[in-house]
Amino acid sequence: MSLQDFTDYKLPKNAYLTFDADTLKNLIIERLNENETFTDQNFEGSNFSAFIDVVAYMYHVLLFQLNTTSNESTFNTATIYENMNKLVSNIGYKPLGDQTSLLNFNLSATSIPANVYTIPRFSSVVAGGNSFIATEDIIFQKTTNTSLERVSPSNNTLYQGAITEATFVATGEPYENIILVDSFTSPQLVQSVSNLNNTKFISDNTFGMFVNDAVTGKWSEWVKVLHSSSNQLRQNDMKNVLTLLVITSLSLVMT
Amino acid sequence: MAVRLDNLQIPASEKKSLESGYLYKDIKFDLATSRFTRPELYGTSELKDLAEIQDGQAVINSIKNILTTTPGQKLLNPTLGLDFRSYLFEPINSTTSYFLGYYIYNNLGIQEPRFTLNKLQITENPDQSEYLIDINFSIPTLDIQNLTLNATLNRDGYVAV
């Protein structure tokens with residue numbers, strides 16, 4: 001930036017936009033040279049130069065914060081995904097976040113006797129080199145004994161990715177918070193354009209929660225029980241809970 | 001026809017400072033203020049302005065700043081300063097002294113154009129784990145000759161004596 005455009009000290013209202021730390025440093029030095037009181041602002045080793053650097057750098061950092069704060073507060077200029085989610089949720093949208101790919105399939109069965117079969121949920125299928133997961137049980141009925149037969153599965157949707165298990169120990173306190181995905185302690189959860197294969201997130205906001213019975217040691221799916229008068233969990237429901245097994249994270253594989 | 005050489009002209013700031021009796025003027029690093037005392041009986045002392053250091057003091061202060069600054073410390077000029085850290089784990093002997101002196105000789109004058117290095121003596125002191133650095137220099141623009149800056153370089157860093 002040249003001072004030729006700003007011949008007096010009344011800078012235009014938007015002049016601050018052209019400043020960064022270096023240009024502000026140059027401006028301060030030029031003004032000091034015009035003032036002719038000090039000379040050592042021109043020498044990098046001087047005390048004056050050190051002070052000018054600090055002032056210019058502080059201005060630069062504050063301006064960056066100001067610009068970022070201003071831009072991230074409106075949807076048109078926001079660049080951070082979480083901020084966009086927050087902004088649209090203010091006007092009633094409910095963004096789901098990153099979504100994994102879905103696969104619909106047809107199922108045929110052969111060489112098995114007529115019966116009702118169940119492929120348990122979380123079973124994985126590899127197709128074309130990619131792994132797919134069923135989030136629900138796949139139940140189908142075969143009516144003939146040996147011949148190839150196309151069957152109608154109860155669920156024909158698979159999710160691309162893999163299941164991740166995470167175990168949490170509950171204290172049994174009321175209103176206990178459990179962080180399912182923590183991008184600070186799990187760096188691999190941060191989405192990376194260059195390495196999408198390692199990206200993990202809770203797809204479709206879907207996760208299963210299982211509790212371990214302290215006496216029998218048996219895992220069973222935890223069903224949220226609500227007060228009739230409010231949405232708060234009853235404390236008694238959490239008393240026998242020792243461990244939560246959370247099924248999360250369908251990873252995204254771009255093909 | 002007369003030839004006008006603008007590059008030989010003294011800058012306006014230097015011209016004014018020369019008229020005021022000094023060539024270089026810097027502020028003190030602690031932003032100390034100076035006071036003005038009226039030259040009369042029972043004259044009161046009044047706050048004047050930032051205290052200043054002038055001419056030779058300003059240049060010497062600048063040299064000390066460069067010697068005590070590690071590259072990267074100055075926010076907007078990361079190349080300023082001399083990096084003595086690379087000598088921290090070197091054996092204290094005449095060979096290291098030579099390379100230390102060579103490094104200072106080659107870099108100090110570049111970073112502070114106002115002074116001329118006349119003589120540089122590095123004396124190693126293995127018993128105390130330190131080097132004694134004697135810098136003899138001149139400031140040609142001020143016509144100041146044979147100034148000496150003595151310092152030690154030890155594990156505490158560069159310490160001016």
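**Reading strands, rings and an interface**

Tutor: Let us begin with a hairpin: β7(B) and β8(B) form one, with two residues between them. Helices (H or I, at least four residues) and strands (E, at least two) are DSSP runs, numbered from the N terminus. Please note that this is a predicted model, in which local features need pLDDT of at least 70 and side-chain atom pairs count only at pLDDT 80 or more, while totals for chains, interfaces and linings use all residues. Residues are numbered from 1 along each chain as its sequence is written, chains are lettered from A and ligands numbered from 1 in the order in which they are written, and side-chain values use heavy atoms, with hydrogens and water left out.

Student: How many bridges join β7(B) to strand β8 of chain B?

Tutor: Two strands pair if DSSP finds at least two bridges between them. Here β7(B) is joined by four bridges to β8 (residues 157-160) of chain B, and the two run antiparallel. Within this pairing, Y158(B) in β8(B) is the residue opposite L153(B).

Student: Which strand pairs with strand β7 of chain B over eight bridges?

Tutor: That is strand β6 (residues 130-139) of chain B, which pairs in the antiparallel sense with β7 (residues 144-154) of chain B. I139(B) has I144(B), in β7(B), as its bridge partner. The hairpin of β6(B) and β7(B) has four residues between the strands, and D143(B) takes a positive phi near 55 degrees there.

Student: What is the pattern of chain B, read along the sequence?

Tutor: The pattern is α-β-β-β-β-α-α-β-β-β-β, with three helices and eight strands in the chain. Of its 161 residues, 35% are buried; buried means under 20% relative accessible area, exposed over 50%, and partly exposed in between (1.4 Å probe, protein chains only).

Student: How is a pair of aromatic rings described?

Tutor: It is described by the distance of the centres and the angle of the planes. Rings of Phe, Tyr and Trp (its six-membered ring) pair if their centres lie within 6.5 Å; planes under 30 degrees apart count as stacked, over 60 as edge-to-face and the rest as tilted. The structure holds nine aromatic pairs over all chains. In one of them, F43(A) and Y24(B) have ring centres 5.6 Å apart and planes at 90 degrees, so this pair is edge-to-face. The pair crosses between chains: F43(A) is in the loop between α1 (21-35) and α2 (47-71) of chain A, and Y24(B) is in the loop between α1 (12-19) and β1 (25-27) of chain B.

Student: Are F43(A) and Y24(B) buried or exposed?

Tutor: F43(A) has a relative accessible area of 15% and is therefore buried. Y24(B) is also buried, at 4% relative accessibility.

Student: Why is the pair of Y87(B) and Y103(B) described as tilted?

Tutor: Their ring planes stand at 50 degrees, with the centres 6.2 Å apart, so the pair is tilted. Y87(B) lies in the loop between α2 (55-68) and α3 (94-111) of chain B and Y103(B) in helix α3 of chain B, so the pair ties together parts that are 16 residues apart in sequence. Y87(B) is buried at a relative accessible area of 15%, whereas Y103(B) is partly exposed at 22%. Ring pairs link these two residues and F84(B) into a cluster.

Student: Which charged ends sit over the rings of F38(A) and F43(A)?

Tutor: A charge sits over a ring if NZ of Lys or CZ of Arg is within 6 Å of the ring centre and within 35 degrees of the ring normal. The charged end of K25(B) sits over the ring of F38(A), at 5.3 Å from its centre. That of R114(B) sits over the ring of F43(A), at 3.8 Å from its centre.

Student: How many residues of chain B are in contact with chain A?

Tutor: Contact means heavy atoms within 4.5 Å. By that rule, 27 residues of chain B are in contact with 23 residues of chain A. Across this interface the rule for salt bridges (a side-chain nitrogen of Lys or Arg within 4 Å of a carboxyl oxygen of Asp or Glu) finds three. D53(A) forms a salt bridge with K74(B), and their closest N and O atoms are 2.8 Å apart.
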